[in-house]
Amino acid sequence: METNGILRHFDELGRISIPKDIRNQLGLGPQIENVPVEMFVRDGEVVIRPFRSPKVLHSMFSRLYQLIEDGEIPLSDEDKRTFVADMMALEDRIICTSKESLRT
């Protein structure tokens, strides 16, 4: 297994601190208190990432669709259809992944 990260130890309550560099890479700036993150195990490793609810993701995708429809993102009709189909598939996959990670 490749290791090139920062070594941390659990404290007596089973907690570890996430280094600032890693928090910044995750988009968790200085105001980290009360920022939700989701944690789950994938392929024997712990994954920690900022939590984005399906509702927030849907809102983001809806705004992107609107920008395309309004012509603010210029695409041919064929490219629009392909892009929207790909985004809908991605949104479905993200929502399914979020539901699966919440079960574990």
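The structure is a predicted model, in which local features need pLDDT of at least 70 and side-chain atom pairs count only at pLDDT 80 or more, whereas totals for chains, interfaces and linings use all residues. Residues are numbered from 1 along each chain as its sequence is written, and side-chain values use heavy atoms, with hydrogens and water left out.

The protein chain contains three helices and two strands, where helices (H or I, at least four residues) and strands (E, at least two) are DSSP runs numbered from the N terminus. Along the sequence these elements follow the pattern α-β-β-α-α. Of the 104 residues in the protein chain, 15% are buried, a term that means under 20% relative accessible area, with exposed meaning over 50% and partly exposed lying in between (1.4 Å probe, protein chains only). The accessible surface of the protein chain comes to about 8,700 Å², and 55% of this belongs to carbon and sulfur atoms; such areas come from the Shrake-Rupley method with a 1.4 Å probe. Among contacts (heavy atoms within 4.5 Å) in the protein chain between residues at least 6 apart in sequence, 29% join residues at least 24 apart.

Helix α2 comprises 16 residues, 54–69, and reaches 22 Å from its first C-alpha to its last, which is close to the 22 Å expected at 1.5 Å a residue, the expected span being 1.5 Å times one less than the number of residues. The buried residues of α2 are Leu-57, Phe-61, Tyr-65, Leu-67 and Ile-68. Seen down the axis of α2, these buried residues fall within an arc of 160°, so they line one face of the helix; the arc is that of the directions from the helix axis to the C-beta atoms. The face turned away from this buried side carries the exposed residues Lys-55 and Glu-69. After α2 comes Gly-71, whose phi is positive, near 80°.

Lys-80 is found in helix α3, which spans residues 77–103. Leaving aside neighbours within four places in sequence, Lys-80 is in contact with Ile-68, Glu-69 and Leu-75. Lys-80 is buried yet has no salt bridge, and the nearest side chain of opposite charge, that of Asp-77, is 4.3 Å away. A salt bridge here requires a side-chain nitrogen of Lys or Arg within 4 Å of a carboxyl oxygen of Asp or Glu, and, for charge, Lys and Arg count as positive and Asp and Glu as negative, while His and the chain ends are not counted.

Gly-5, by contrast, lies in the segment before α1 (20–25) and counts as exposed because its relative accessibility is 67%.
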